[in-house]
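Let's take a walk through this structure together. Have a look around, and then we'll go through a few spots one by one.

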Amino acid sequence: MGVLLICFSIFFVNHHDNNKYIIETLELNGSAEEGDALFKINCVGCHGITARGLVGPDLHSITQRLSDKEIIKQVTGGLTPPMPSFEIDSVNMSNLLKYLHSLE
Ligand code: HEC
């Protein structure tokens with residue numbers, strides 16, 4: 001529950017579909033370690049500490065099911081409540097993507 005509260009306070013709400021943002025993010029080569037840290041702060045409340053799923057689905061092999069662009073939209077779009085949309089800059093988004101790619 002504590003984790004959930006933190007996650008809602010950090011970068012919450014409304015990064016709507018923004019191509020420049022997506023292109024910028026895809027050009028970066030993120031850090032899986034940084035992404036892991038971000039994930040632990042913002043995502044584990046729903047996806048579980050090892051991303052094996054809880055309220056939200058297991059995210060292992062998610063990068064085989066969704067393109068990076070689709071993942072960016074999932075995280076920033078708020079299209080599938082109860083998952084919130086996250087206001088996350090492109091560097092951090094790229095870190096998160098790198099982390100998700102590191103899951104098998
Ligand atoms: C409040 C709970 C909650 C939080 C916090 C949350 N998610 Fe989710 N997430 C969900 C739920 C529920 C779904 C399933 C939505 C659906 O498919 O209808 C989901 C779906 C996803 C999917 C798509 C999974 C698939 O199989 O299509 C990805 C990727 C994802 N979340 C990543 C993240 C990341 C990264 C974070 C942290 C930045 C995060 N989520 C934070 C609840 C959450």
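This is a predicted model: local features need pLDDT of at least 70, side-chain atom pairs count only at pLDDT 80 or more; totals for chains, interfaces and linings use all residues.

You'll find Pro82 in the loop between H6 and H7. In sequence, Pro82 and Val55 are 27 residues apart, yet their C-alpha atoms are 9.0 Å apart in space.

Now for a contrast. His47 belongs to helix H4, residues 44-47, and His47 is buried because its relative accessible area is 10%, with the cut-off for buried being under 20%. What does His47 touch, once its neighbours within four places in sequence are set aside? The contacts are Phe39, Arg52, Gly53, Leu54, Gly56, Pro57, Leu59 and Met83.

Here are the two residues side by side.

| Residue | Relative accessible area | State |
|---|---|---|
| His47 | 10% | buried |

Phe39, one of the contacts of His47, brings us to helix H3, residues 32-42. The buried residues there are Gly35, Leu38, Phe39 and Asn42. They sit on the same side of H3, because the arc they cover around the axis is only 100°.

Tyr21, Ile22 and Thr25 are its buried residues. These, too, are on the same side of H2, because they cover an arc of only 100° around the axis. As for what covers the buried residues of H2, the list includes H6 and H7.

So how do H6 and H7 lie relative to each other? Helix H6 spans residues 68-77 and helix H7 residues 90-102; their axes come within 11 Å and cross at roughly 120°. H6 and H7 are therefore oblique to each other, and their crossing is right-handed. On the H6 side, the contact is made by Asp68, Ile71, Ile72, Val75 and Thr76, which meet Met93, Leu96, Leu97, Leu100 and His101 from H7. Sorted by type, the residues of this contact come out as seven nonpolar, two polar and one charged.

Definitions and conventions. Residues are numbered from 1 along each chain as its sequence is written. Side-chain values use heavy atoms; hydrogens and water are left out. Axes are lines fitted to C-alpha atoms, for helices over the stretch in contact, and angles run from 0 to 180 degrees between N-to-C directions. Helices (H or I, at least four residues) and strands (E, at least two) are DSSP runs, numbered from the N terminus. Angles under 35 degrees count as roughly parallel, over 145 as roughly antiparallel, 65 to 115 as roughly perpendicular and the rest as oblique. A crossing is left-handed if the near helix is turned anticlockwise from the far one by less than a right angle, and right-handed if clockwise. Contact means heavy atoms within 4.5 Å. Ala, Val, Leu, Ile, Met, Phe, Trp, Tyr, Cys and Pro count as nonpolar, Asp, Glu, Lys and Arg as charged, and the others, Gly among them, as polar. Buried means under 20% relative accessible area, exposed over 50%, partly exposed in between (1.4 Å probe, protein chains only). The arc is that of the directions from the helix axis to the C-beta atoms.
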